[in-house]
Amino acid sequence: MAEHPEITYIGCARCGTQIAGLDGRYACSGCGWVNEWTEGHRPLPAAGRRRPQQP
């Protein structure tokens, strides 16, 4: 069973608004600030293999 992401909170680094993110990855809807994806609390899941489109 896969582990679920954790909701985390932080004050925006630019405007100070309290924002929520998943596993330490944030985006502020007030000013547009986002943190670097590598700052998350754990690695992102691997991309799954895509199935070919059916005609």
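Q: Which residue takes a positive phi near 85° in the hairpin of β1 and β2?
A: This is a predicted model, in which local features need pLDDT of at least 70 and side-chain atom pairs count only at pLDDT 80 or more, while totals for chains, interfaces and linings use all residues. Residues are numbered from 1 along each chain as its sequence is written, and side-chain values use heavy atoms, leaving out hydrogens and water. The hairpin has 6 residues between its strands, strands being DSSP runs of E of at least two residues and helices runs of H or I of at least four, numbered from the N terminus. The residue with this phi is G16.

Q: In which sense do β1 and β2 pair, and what is the bridge partner of G11?
A: Strands count as paired if DSSP finds at least two bridges between them. β1 (residues 7-11) and β2 have 5 bridges, in the antiparallel sense. In β2, G11 is bridged to Q18.

Q: Which residues form the covered face of strand β2?
A: β2 spans residues 18-22. Its uncovered face holds Q18, A20 and L22. The covered face is made by I19 and G21.

Q: Is D23 buried or exposed?
A: D23 lies in the segment after β2, and its phi is positive, about 50°, although D23 is not a glycine. Most residues other than glycine have a negative phi. Buried means under 20% relative accessible area, exposed over 50% and partly exposed in between, with a 1.4 Å probe and protein chains only. D23 has 9% relative accessibility, so the residue counts as buried.

Q: What relative accessible area does Y9 have?
A: Y9 lies in strand β1. Because its value is above the cut-off for exposed residues, Y9 counts as exposed. Its relative accessible area is 56%.

Q: Which residues make the largest nonpolar core?
A: A nonpolar core is a set of buried Ala, Val, Leu, Ile, Met, Phe, Trp, Tyr and Cys residues joined through side-chain atoms within 4.5 Å. W33 is one of its 5 residues. Not counting residues up to four places away in sequence, W33 touches C12, A13, R14, I19, Y26, A27 and C28, a contact being heavy atoms within 4.5 Å. The core consists of C12, I19, Y26, C28 and W33.

Q: How many of the residues of the protein, in percent, count as buried?
A: The protein has 0 helices and 2 strands. Of contacts between residues at least 6 apart in sequence, 8% join residues at least 24 apart. Among its 55 residues, the buried share is 22%.
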